[in-house]
Structure formats: C-alpha cells, structure tokens
Protein chains: 2
Amino acid sequence: MYHLHYWPGIQGRGEFVRLALEAAGAPYVDIARADEPAGRGMAAMLHYLEDDSIVRPPFACPFLVDGKLVIGQTAAILLYLGPRLGLVGKSEADRLWTHQLQLTIADAVAEVHDTHHPVASRLYYEEQTQEARRRAEDFRKARLPRFLAWFEAVLARNPRNAGRLAGGKGLHLVGARLSYADLSLFQLVEGLLYAFPRATRRHLKKTPGVAALHVAVAQHKRVANYLHSERRFPFSEEGIFRRYPELDG
Amino acid sequence: MYHLHYWPGIQGRGEFVRLALEAAGAPYVDIARADEPAGRGMAAMLHYLEDDSIVRPPFACPFLVDGKLVIGQTAAILLYLGPRLGLVGKSEADRLWTHQLQLTIADAVAEVHDTHHPVASRLYYEEQTQEARRRAEDFRKARLPRFLAWFEAVLARNPRNAGRLAGGKGLHLVGARLSYADLSLFQLVEGLLYAFPRATRRHLKKTPGVAALHVAVAQHKRVANYLHSERRFPFSEEGIFRRYPELDG
C-alpha cells in the first residue's frame, strides 16, 4: 500500500503521482485527505515535513512513503514508481528518456505556477497582478508554444507512432505503451486548458499529436474512471493551474 | 569519452555536470567550447537541438552524449553519471535520495535565475528590474533561508556526520562519501555568494554545516585543481548567478 502525502483539497503536483497510481490500479492512500484517527490526515503528513526524527525529510509535498522509503520530488516519485507500476519501458535508455520528459513537464508546471505568482508564493495573487500579466503574456506567447512544439516533435519522432499521428489513436511519447510521461502530459494539457483556454486551444491546433494524446489518455479505462470519481478534485484558484481571465490575453 | 553540450562562455547549468566529471577525473569534451573542425563547436551542439533527425531531442542545454544516448536535464544527467563516476551510493535508497537533493538544488537554481528574470528569459534584465527587486527580496528573505535550512537539516540528520558538524571536516549530504549532490550544493552556495554576497553570508552563519561543506568541497584535490584551471569560467552577468547589487538588499 503506497502512502501519498499531499495537501488536501487541490490537485497540485500530487496529481501527477495520483494519475500514475490510478492508471495502474495500484493500492494507495491519500494520507492528508484521510481521516485522522488511524495515524493519517494532515498531522501524519506534517510529521514527515517537520519532525526532527525524519532522517531524510522531504523538502516539500508531494512525497511518497513506501515502507521505510520516503521519496520527495514529483519526478523522483515517478522515477521510483514507473517500473513498479509498469508505466515505463524496461531499458535504461527508455527510463532516462521518460524521466527527461517528466522533468521538462515539471519545468513547464513551475512556469505555469509563476504566471500567477511571479514575485512570491507566499503573497496573494492580488499582490502581484501587474507582474503576473507580464509574465503570463510571455508564457502564452513564447513558452507555451515552445513546450507544446517540443512534445509534438517527440511524438512525431517516436518511430512507434509512425502512421498514427493523423488519426491520433495509440500515440505515446515513449515506445508503444502508456508511460507516466503520457499521463503527465495529459495533466499538463488539461491544466493549461483550464488556466489559459483561449491561448491553449489556439496553440493545440498546431500540435495535433499533443491534442490527440490528451484525448486518448482521458479515455484510458482506469484514467476515465478516476476522472469521473470523487477522488478527482476540480481545478481551482487554489492550485497550480488557475483561471484568471486577464492572464489569458 | 563523454560529450558535454552547453553554451560556451558561461558556467550555467552545465557547471553541475562539469563539476561531477572533473571531481571524478572522467574523460570528457566540452563540445561547444571545442574547435569546430572536428565536428565540434556550436554547430555540433545545435545539431542535437535543431535537427529533425534526432529521435530523442533534448529540450535545452545542458545535455550529455554518451555513445548513442543523448540525455538532457541536469538532474537526469547526474542520475546517469552518478554510478558511473562513483559519485553516488550503491543502494536504490541512496540513489533516490541523492537525486531528490539534486532536484531540490535544481529548484533553487531556477529560483535564483528568476530573481533577475522574473518576467521573461528572453527580455533583458533592464526590462524587468522592478519585478526583479520584488522577487529578489522574497528570495533573500524567505526562499534562501528555507533552502539553506533544509540542507543544514539533511547534513545534521545524516548519521554518518555524527561528531563532524562542529569541525566541519568530512561532512557529506548522503552517507560517508562524496556524492554529486555535495558538488552541486557547493556550486549553489558558490553562486549564491557571488550573486547575493551580503544575504548569503548572513544566512550561512546559521547553517554552519552547509558553510563547512562548501569549504571542504573546494579543497577536494581534483575539484580544487579544476577551480584553479582555465576550464573554470568566472561567474558573470551572462549566467544564472548574477551580481546586481540592488538585488542583494
């Protein structure tokens, strides 16, 4: 039983781990969302972050506890879970490449966060709206298209996608099977469509492979099940992907 | 022979890889700094970034080429090199923990970059100085101490550092041997001392373990050799760590 620790109430970075666990049908508990009595809830999560007795403390959420192992950093968690959940290829080359894709998705996510918090995470959005407008404009015009174009190139150059790009069925970032990078790219696109609906829809027209992968992942049986469950929280202005219309140009 | 690809003229993110290669005495070529005739130089680097024939293209520099493998993302490169260079423990737990430390250093480095470029990487610093002042203030007051305090806790809780924290000799982030995370923390502190000398010196007084590790790594024989060589470029206002006195408070 995997223990996922993340702030309750939002998808946040925890969602990338949650999607992998759900897509694989793996047994897990979302500790901070669970009831307190059984050593769960927020207190259990804060124990790992704040107690001096934790020899290898995570810097921040999300983190995964698997037996004695405590693993922080979203990409490191997925590096660990990938082989165990069957969500990554077997070769070292495939694993490194999938991890690279994940790290680049993490970079994109950090940039999305900074569109609404370009000055300081600890300040309210309302305290940095002017800066946010400038940063969001650069993100929409320069960074968003650059990230999407790179993922499109990755899909187009994956030899196992040959002949599939037009129809879009069976597309994968790595090899011929679903990987955690596919799930994470789905989540990135889903979040972008929430936060910047106009800009994202416009750019997705130029990256049909990415658009098709996004649709395909949402139709994956266990993922679809999860997305329609109560375990999937809605996007909100408390999370990483926030819809502030003024930032969508 | 490892091929490291990074922008010539600056330390940048390439420096984290360079330090690992140098500390291990590993054979490598800094491709973009090398002469063009032999298939090296900038053209060789841009080939990987821009040519459609690259099946798994890096998103950005630095990237490492080892035979047929092309690995982008600094932390992924170090994940790959760590075991090969003897700069990480043998257990999966040690490797994941060292990687986590590296990913957190990468997060800190990205935040340092954004102190002088809070709006857009493609704009000049002079076009975002107001935003930079606000972001740098938050970095100095909230983020810098938080990162340093976490690394101090990691050093203090490493059982193999017991009894060494006061004197500072032989300190390591993971276990009892030099890892690439030690090298990267050295580089982070070195860069912070360049960019924010006043704020960093002040905070380092409260994190004596981090300060001691920084000194110890600089004295490592091969590292010291490298730091005094022509291969070590100076910090400058073209790199990630930039000294703009107005951002140091």
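Modeller: Two residues are in contact if their C-beta atoms, placed from the backbone, lie within 7 Å. This is a predicted model, where local features need pLDDT of at least 70 and side-chain atom pairs pLDDT 80 or more, while totals for chains, interfaces and linings use all residues. Residues are numbered from 1 along each chain as its sequence is written, with chains lettered from A and ligands numbered from 1 in written order.

Biologist: What share of chain A is buried?

Modeller: A residue counts as buried if 20 or more other C-beta atoms lie within 10 Å of its own. Of the 249 residues in chain A, the buried share is 48%.

Biologist: How are H4(A) and H3(B) oriented to each other?

Modeller: The helices (DSSP runs of H or I, at least four residues) span residues 92-116 in chain A and 74-85 in chain B. Their axes, lines fitted to C-alpha atoms over the stretch in contact, come within 9 Å and cross at roughly 155°. Angles over 145 degrees count as antiparallel, so H4(A) and H3(B) are roughly antiparallel.

Biologist: Which residues of H3(B) meet H4(A)?

Modeller: H4(A) contributes A:Leu96, A:His99, A:Gln100 and A:Leu103. The residues they meet in H3(B) are B:Ala75, B:Ala76 and B:Tyr80.

How values were computed:
Buried ≥ 20, exposed ≤ 12 C-beta atoms within 10 Å, placed from the backbone. Axes fitted to C-alpha atoms, helices over the stretch in contact; angles between N-to-C directions. Helix = DSSP H or I, 4+ residues; strand = E, 2+ residues; numbered from the N terminus. Parallel < 35°, antiparallel > 145°, perpendicular 65-115°, else oblique.
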